[in-house]
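Here are a few notes to read alongside the structure. Take them in any order you like.

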Amino acid sequence: MTTPIHFPGEDQSNVARRIIATQEPLALRTFTPSLAVLARSAGVFHWTPEGRRLYDYTSGVLVANLGHNPRNWLKRLADLMGWNAETLSGGEGYAEAATLTAYNAVTELETAAVERLLANVAASPGGERLDSVCWAASGSEAVQKALWACLHHAPDRDTILATRHGFHGKKGLAGAVTGCESDADRDRRVRFLSFPMDDWDDLDCYDGELDLAPYRDELERLWDELGTSIGTLITEPYLGGGGSYHPPAAYLQLLETFCREHDILFVLDEVQSNFGRTGRMYAFEKYGIAPDFVTLGKGLGNGIPVSAVVGRSDILASLKYGEASDTWSANPIASAAVIATLDEFEASDVLEHTRQLEPLFFSELNRLKETGVITKVRGEGMVYGIECNDVGSTAAADVANAIVETCYLGGEGGEGIHLLGPLAGTVVRISPPMTITEDEARTSLALLMELVSRVGESLAS
Ligand SMILES: Cc1ncc(COP(=O)(O)O)c(C=O)c1O
């Protein structure tokens, strides 16, 4: 057993850390040196059991886009589930409320969620092909179901093109289209193509100049080699887990055109970007593309586990009875969460607010370069990656971990910033809830500057 993570003065947190270190495999988490124990949350804040307040710069893992426990959302969820003073009073026994499980049956929560989600997708430019919803419980399952449908639709076109260094999940076909050729045990049906990983580190990244010729040539070479065996192409709008690389729109448009020319199904994995992260409800709108399928997850339920593939009914129809069924898909609380989350988006200006905060985040994160610790900043809307430098003899990956730990331990007043272990080894993800106020944004960005500077000073000394 590795020594459990432990911080002085955090007795209650340390007990929790010890329990998971001894009774759960460490594989359940990716390494995050703070291993924060979260007791309560509200809006952009978490509190530790010791009562220390942390700005949440993760939103879970880009999940709580609307912040933690928004009251209207919670009330709506409870209302949809029939959890109210009347149903919960009356002592022991059973409350007459929405069922929590409806396997192979239907609830009107599910039908409402389908209709609302399809209407929402259709209202976003680029959503015109997306006319059917296949629910799932995690992002990788949604990717798996999308790819199953494509493979079933045209079994003799079973080559899947995937953009290199993408992240689509760890399980099954989602794992197969993740990463690159050099990973062990590749699924032979998957071939990779290049994704632009240049530094479009200014606000106009999606309109930036990119020489498309090498990407076009690569696609043509693949077509010459593989021809009509290629049935599907999957990409993320931006590389999320791969290190926050946000391409110019022209690149994604090139992929779409290639798919249209060759009758290839175009799957856009929006598990991370959906529900506003880019400043638009869906990234396909921002990037000016119209996919055949989008996979949705994370922010879709604002914290309740739910995911979906939304796309062409004619292709999804190739899956027969039971082929995409499982215990949790379309369960009532997931459906209620989707409805409550859509209600919040449709009734609020959170997307506009995100777009307004974008320049502030971009400029303040870029200021971190002054510390000598951060070398690059990439992102859009409310999803950024700050890439660490080697500092003295300390490698960038250790610098990134030092930032996560120092931010957790916090500034003078004890207030800290909750971050996750780095992406691609050296990139710290910055993705607070999109409902962060401008004041909270300014205060927390100043705190980040203070703490990153501290890391720089201590490593330089
Ligand atoms: C783009 C993308 N697709 C798929 C997944 C997998 O989602 P899950 O972890 O819910 O299986 C992720 C998770 O980070 C993701 O970022």
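1. Contact here means heavy atoms within 4.5 Å. By that rule, and leaving aside residues up to four places away in sequence, glutamine 272 touches Leu62, Tyr238, Gly240, Gly241, Arg277, Lys298, Val383 and Arg429. One thing to keep in mind: this is a predicted model, where local features need pLDDT of at least 70, side-chain atom pairs count only at pLDDT 80 or more, and totals for chains, interfaces and linings use all residues. Residues are numbered from 1 along each chain as its sequence is written, and side-chain values use heavy atoms, with hydrogens and water left out.

2. Where does glutamine 272 sit? Look in the loop between β8 (265-269) and α10 (283-287); helices (H or I, at least four residues) and strands (E, at least two) are DSSP runs, numbered from the N terminus. Glutamine 272 counts as buried because its relative accessible area is 13%, and buried means under 20%, exposed over 50%, partly exposed in between (1.4 Å probe, protein chains only).

3. The side chain of glutamine 272 has polar contacts with two of those neighbours: the side chain of tyrosine 238 at 3.2 Å and that of arginine 429 at 2.9 Å. A polar contact is a pair of N or O atoms within 3.5 Å; within protein, one must be able to donate a hydrogen and the other to accept it, and residues adjacent in sequence count only if both atoms are side-chain atoms.

4. Now the ligand. Glutamine 272 is one of the residues around it, along with others including Ser138, Phe167, Glu236, Asp269 and Lys298 (a heavy atom within 4 Å is the test). An N or O atom in the side chain of glutamine 272 is 3.3 Å from a ligand oxygen. On the backbone side, an N or O atom of glycine 139 lies 2.8 Å from an oxygen atom of the ligand, and one of phenylalanine 167 lies 3.5 Å from a nitrogen atom of the ligand.

5. Is histidine 418 buried or exposed? Histidine 418 counts as buried, because its relative accessibility is 8%. You'll find histidine 418 in strand β13 (residues 416-418). Not counting residues up to four places away in sequence, histidine 418 touches Ala36, Leu38, His46, Leu54, Tyr55, Asp56, Tyr57 and Thr58.
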